[in-house]
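Visitor: Please show me the structure, and let me ask about it step by step.

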2 protein chains.
Amino acid sequence: MRALDNRAMKRKIIYGFGMTIDGYIARKDDSMDYLKMTKEGEAVMMEFFSKIDTIVMGRRTFTVSRALQKEENTPEMPGMVNYVFSRSMKPGKRKGYEVVRGPLKPFVARLRARKGKDIYLAGGGQLARSFLRADLVDELFIGLVPIMLGDGLSAFPPSFPQRDFKLTECKAYADGSIALRYARVRSKPHRAK
Amino acid sequence: MRALDNRAMKRKIIYGFGMTIDGYIARKDDSMDYLKMTKEGEAVMMEFFSKIDTIVMGRRTFTVSRALQKEENTPEMPGMVNYVFSRSMKPGKRKGYEVVRGPLKPFVARLRARKGKDIYLAGGGQLARSFLRADLVDELFIGLVPIMLGDGLSAFPPSFPQRDFKLTECKAYADGSIALRYARVRSKPHRAK
């Protein structure tokens with residue numbers, strides 16, 4: 001049991017995003033103008049960010065979020081470590097982030113070996129799929145918004161193997177969005193009799 | 001106001017289905033073996049079916065549900081009118097169902113002109129997309145199950161225009177599935193000043 005308990009204590013990787021009813025995280029042009037931040041939503045995000053200290057994202061998500069930060073003049077989150085997965089950018093540390101490359105498993109193993117809070121997988125869908133293929137997503141944190149875009153960037157582009165989850169939280173907000181949390185259920189390791 | 005009220009009283013078209021976290025209504029081979037019926041789920045379905053008297057489905061959904069009915073020896077629902085949209089089957093009445101063709105708008109207008117309960121759009125995704133394109137979906141009734149398939153038949157295949165909804169119900173069940181109901185929010189008709 002000790003081994004299992006230790007494993008449960010490890011830093012978790014949480015894939016978090018706002019999703020439309022039809023499964024999109026953004027419009028085709030990367031915009032997320034349909035997401036409206038409310039006081040309630042802000043409180044939920046604050047609470048979430050208080051429990052993570054590391055953000056992992058793909059190159060496209062990085063580019064979009066940088067542009068948004070600049071536009072809205074958002075301050076950097078102090079003490080947050082940012083990793084950007086990219087095949088086109090040169091790996092290495094920059095001001096406020098580090099560009100990294102796969103393979104994912106040894107990268108995540110190194111992150112988990114360090115002490116720290118949980119790790120936020122900020123997307124996008126392409127990077128999330130790579131994490132799901134490697135079965136490295138421990139939790140989902142979905143803000144389900146009451147809209148269909150009809151087309152856009154998918155939160156879960158195919159394909160990857162079946163992954164089972166259990167629902168750990170479901171909360172509806174006044175604006176019609178729902179906060180959903182799921183934890184990955186992995187089959188138990190085979191026990192010797 | 002009277003016109004609006006009358007409109008609100010009209011028979012609604014409800015697109016209902018079990019959906020995985022990653023947006024699928026079935027595996028690629030049409031199977032839905034991951035859906036487990038519970039007592040709670042059965043009660044929810046019974047309640048739902050008590051308020052509809054007409055089912056509209058695509059040819060593929062029809063074929064799958066017929067096979068399931070045969071396999072499980074499910075009795076026909078008494079008083080239920082079934083329409084099957086197909087381009088390959090010959091239009092006309094059969095025992096227990098009627099094969100129909102588009103265009104959708106006049107078909108739905110005829111259905112709505114008759115007195116009756118609400119209309120269940122049973123899918124699949126292809127037919128739902130046609131209904132969404134024509135803006136004929138009034139409600140969604142989604143059973144969100146805590147699993148990702150990684151690939152499968154999409155509940156909302158692209159593309160169709162943006163559609164806004166409001167959340168009318170959100171209920172979590174013991175098995176980790178969630179019942180979600182949404183109502184279509186259409187922009188109000190322009191008022192003369």
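Visitor: How many bridges join β5(A) to strand β6 of chain A?
Guide: The model is predicted; local features need pLDDT of at least 70, side-chain atom pairs count only at pLDDT 80 or more, and totals for chains, interfaces and linings use all residues. Residues are numbered from 1 along each chain as its sequence is written, while chains are lettered from A and ligands numbered from 1 in the order in which they are written. Strands (E, at least two residues) and helices (H or I, at least four) are DSSP runs, numbered from the N terminus, and two strands pair if DSSP finds at least two bridges between them. β5(A) and β6 (97-100) of chain A run antiparallel, and the number of bridges joining them is three.

Visitor: Which residue in β6(A) stands opposite Lys93(A)?
Guide: Look along the β5(A) and β6(A) pair, which runs antiparallel. Opposite Lys93(A) stands Glu98(A).

Visitor: Which are the edge strands of the open sheet?
Guide: Ten strands form this sheet, in the order β5(A)-β6(A)-β4(A)-β3(A)-β7(A)-β1(A)-β8(A)-β12(A)-β11(A)-β9(B), with mixed pairing. An edge strand here pairs on one side only. The two are β5 (92-94) of chain A and β9 (147-148) of chain B.

Visitor: What angle does α3(A) make with β3(A)?
Guide: Axes are lines fitted to C-alpha atoms, for helices over the stretch in contact, and angles run from 0 to 180 degrees between N-to-C directions. Contact means that C-beta atoms, placed from the backbone, lie within 7 Å. α3(A) lies across β3 (52-58), β4 and β7 of chain A. Its angle to β3(A) is about 110 degrees.

Visitor: Which element gives the largest share of the side of chain B that touches chain A?
Guide: The contact takes 26 residues from chain B and 26 residues from chain A. On the chain B side, β9, β11 (163-172) and β12 (178-184) each give two or more residues. The largest share is seven residues, and it comes from β11(B).

Visitor: What kind of axis relates the chains?
Guide: Copies are superposed by least squares on the C-alpha atoms of residues with pLDDT of at least 70 in both. Chain B can be laid on chain A by a turn of 180 degrees and a shift of 0.0 Å along the axis, with an RMSD of 0.0 Å. That is the relation of a two-fold axis.

Visitor: Which residue of chain B comes closest to the rotation axis?
Guide: Distance is taken at C-alpha, and the value is 3.1 Å. The residue is Gly23(B).

Visitor: Is Asn73(A) buried or exposed?
Guide: Asn73(A) sits in the loop between α3 (59-72) and β4 (81-85) of chain A. Its phi is positive, about 55 degrees, although it is not a glycine. A residue is buried with 20 or more other C-beta atoms (placed from the backbone) within 10 Å of its own, exposed with 12 or fewer, and partly exposed in between. Asn73(A) has 6 C-beta neighbours inside 10 Å, so it counts as exposed.

Visitor: Which residue does a cis peptide bond join to Gly123(A)?
Guide: Omega of this bond is about 0 degrees.

How values were computed. Two residues are in contact if their C-beta atoms, placed from the backbone, lie within 7 Å.
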